[in-house]
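Trainee: Please take a close look at one part of this model, the salt bridges, and go through them pair by pair.

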Amino acid sequence: DLFAFGYAVDVAAPVAGDATLAGFDVTLGQGAGGNLRAGANAAGRPPPGAAPVMDFPDYKHFWNNKALDAVSAMSAVDGSPDETTLRLTGRFTARQVRAALDPRPSDHVFEIGCGVGRIGRELLGDVARWTGLDISENMLAVAAGRLGGGDRLSLAPLHGPRLEGLADGSMDKGYCVAVFIH
């Protein structure tokens, strides 16, 4: 089973009050052979009052830059730099994932784009094993710090569109939340 959902946003329109959340132009992304431009609108220009545009060669570099430390990583994931809010939003989203996947105690479950482990932290007690996958090693490092260790948890970097970190037949269910929109 695979469950995925995301949010539709107009990346051309700046988000009121926070120029850093104005989005970036995915048409300039890897598929078009260009660079991602953080803080740029669909025309490739920063919104009025925005910080200077930063160029990144790919999503990995973009997300590693967003996760230079734990506070920045948490802010990039759900817009809040504090653990309390991160746990609240993680619990809310985990309820949606539970409803869609019906995880069982014997299940091995993976998340594509786990970020800081916001949702996985809430699902760890429900499944035999939870595996978080992300393109950003910096996000995975923050997730490791937040989630600790244990034999029910694994984290692995993604290298492109393949799930190379997972052996064939090793997972029962998987999910992805607000990642495919990128």
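Mentor: Arg146 forms a salt bridge with Glu83, and their closest N and O atoms are 2.6 Å apart; a salt bridge here is a side-chain nitrogen of Lys or Arg within 4 Å of a carboxyl oxygen of Asp or Glu. This pair links distant parts of the chain, with Arg146 in helix H5 and Glu83 in helix H3 (residues 83-101), 63 residues apart. Helices (H or I, at least four residues) are DSSP runs, numbered from the N terminus. The model is predicted: local features need pLDDT of at least 70, side-chain atom pairs count only at pLDDT 80 or more, and totals for chains, interfaces and linings use all residues. Residues are numbered from 1 along each chain as its sequence is written, and side-chain values use heavy atoms, with hydrogens and water left out.

Arg146 is buried at a relative accessible area of 16%, whereas Glu83 is partly exposed at 26%. Buried means under 20% relative accessible area, exposed over 50%, and partly exposed in between (1.4 Å probe, protein chains only).

The structure holds seven salt bridges. One of them joins Glu137 and Lys60, with the closest N and O atoms 2.7 Å apart. Glu137 lies in helix H5 (residues 137-147) and Lys60 in helix H1 (residues 59-66), so this pair ties together parts that are 77 residues apart in sequence. Glu137 is partly exposed, at 32% relative accessible area, and Lys60 is partly exposed at 25%.

Asp102 forms a salt bridge with Arg104, at 2.9 Å between the closest N and O atoms. Asp102 is partly exposed at 40%, and Arg104 is partly exposed at 46%. Elsewhere, salt bridges that share partners join Glu83, Arg87 and Arg146 into one network.

Methods: Helix = DSSP H or I, 4+ residues; strand = E, 2+ residues; numbered from the N terminus.
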